[in-house]
Amino acid sequence: MSIATTIESVQTELKPIGVTLVAVSKTKPVDIILEAYAAGQRIFGENMVQELVEKHEALPKDIQWHLIGHLQTNKVKYIAPFVSMIQSVDSLKLLKEINKHALKHNRVIDCLLQVYIADEDSKFGLDHAELIELLRDDSFGELQHVRIRGLMGIATNTENEKVIRAEFYELKSLFDGIKTSFFRKDATFDTLSMGMSSDYQLAIENGSTMIRLGSTLFGKRVIKHFKLNHGNN
Ligand SMILES: *Cc1c(COP(=O)(O)O)cnc(C)c1O
């Protein structure tokens, strides 16, 4: 199937259930991204800051770029002018840095808090206690240039569906709990980003509102690059 056909069929599946597709284009060249763009795809996810910046410069300006990989505080400045959403916020320090640079550009940057749900050591993210601590911190309320849109999580890389289901269920429960206790008045706390190529059906069954698909849309990535950044595949 061509990229366009795949995108169209996934979008047809997602539209009626209100799930948003992030096309994960990391390691893929711009001509491939343009194929997806021509098929109507506008939200793309990247996990490396430099790659994200270069692609933003090279590609149409109505693309909404999501950062989905670990972000170092000293690199926030490069993406703050244009990034549409940062899905991988894993500390208050990082959130404050994003706020600072968003202010400089007179923007409000949408963020997701990344929660650690996998049964693996190599993943980034906040655990439950850290998440609550962040939300309760006095300085959190003063951050006027970031908007917390929801949570993001990555399930364990396993064939065992039971494990994956349990992790997605846990993240959805956490999302609901946090929405009620911390964001009751914020209709914009509405995004639960969970599900990748191998597990997005399970994620949707468990309440995902945003899936991040790479290999399903674009084919396999060069393993070396992926390993370098994730160490889990
Ligand atoms: C690479 C990546 C994806 C997409 O992975 P696929 O298995 O190719 O769909 C999704 N989310 C994150 C955080 C990633 O790093």
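Begin by selecting Lys 26 and the ligand: a polar atom of the Lys 26 side chain is placed 2.7 Å from an oxygen atom of the ligand. This pair is a polar contact, that is, a pair of N or O atoms within 3.5 Å; within protein, one must be able to donate a hydrogen and the other to accept it, and residues adjacent in sequence count only if both atoms are side-chain atoms.

Before continuing, note that the model is predicted: local features need pLDDT of at least 70 and side-chain atom pairs count only at pLDDT 80 or more, while totals for chains, interfaces and linings use all residues. Residues are numbered from 1 along each chain as its sequence is written, and side-chain values use heavy atoms, with hydrogens and water left out.

**Stop 1**

Next select Ser 197, where a polar side-chain atom lies 2.5 Å from an oxygen atom of the ligand. At Ser 215 the atom concerned is a backbone N or O, found 2.8 Å from a ligand oxygen atom. Taken alone, the ligand exposes 390 Å², of which the protein buries 96%; accessible areas come from the Shrake-Rupley method with a 1.4 Å probe, and for residues only the protein chains shown count as cover.

Now display the whole shell. It holds 13 residues, and the closest are Lys 26, Ser 197, Arg 212, Ser 215 and Arg 221; a residue is near a molecule or strand if one of its heavy atoms lies within 4 Å of it. By class, the shell has 6 nonpolar, 4 polar and 3 charged residues. Here Ala, Val, Leu, Ile, Met, Phe, Trp, Tyr, Cys and Pro count as nonpolar, Asp, Glu, Lys and Arg as charged, and the others, Gly among them, as polar. At least two shell residues are supplied by each of β8 (210-213) and α10 (223-230). Such helices (H or I, at least four residues) and strands (E, at least two) are DSSP runs, numbered from the N terminus.

Select Arg 221, in the loop between α9 (215-218) and α10. Is Arg 221 buried or exposed? Arg 221 counts as buried because its relative accessibility is 16%; buried means under 20% relative accessible area, exposed over 50%, and partly exposed in between (1.4 Å probe, protein chains only).

**Stop 2: two loop residues**

Go to Thr 27, in the loop between β1 (20-24) and α2 (30-38). Its phi is near 70°, a positive value in a residue other than glycine. Thr 27 is partly exposed, at 24% relative accessible area.

Then select Asn 106, in the loop between α5 and β5 (109-115). Asn 106 also has a positive phi, about 55°, although it is not a glycine. With a relative accessible area of 67%, Asn 106 is exposed.

**Stop 3: two histidines**

Select His 145, in the loop between α6 (128-136) and β6 (146-153). A polar atom of the His 145 side chain lies 2.8 Å from the backbone oxygen of Arg 107. His 145 is buried, at 16% relative accessible area. Beyond residues up to four places away in sequence, His 145 touches Asn 99, Ala 102, Leu 103, Arg 107, Val 108 and Ile 109, where contact means heavy atoms within 4.5 Å.

His 101 is found in helix α5 (residues 92-104). Its relative accessibility is 7%, so His 101 counts as buried. Setting aside neighbours within four places in sequence, His 101 is in contact with Val 76, Lys 77 and Ala 80.

**Stop 4: the cores**

Which residues touch the most other members of the largest nonpolar core? Among its 65 residues, they are Ile 79, Ile 86, Leu 95, Ile 98 and Leu 151. Helix α7 (residues 161-182) gives the largest share of this core, 6 residues. A second, separate core of 7 residues includes Val 22, Leu 112, Met 152 and Ile 154. A nonpolar core is a set of buried Ala, Val, Leu, Ile, Met, Phe, Trp, Tyr and Cys residues joined through side-chain atoms within 4.5 Å.

**Stop 5: a strand residue**

Finish at Ser 193 in strand β7 (residues 191-194). Ser 193 is buried, with a relative accessible area of 0%. Apart from neighbours within four places in sequence, its contacts include Gln 87, Leu 112, Met 152 and Arg 212.
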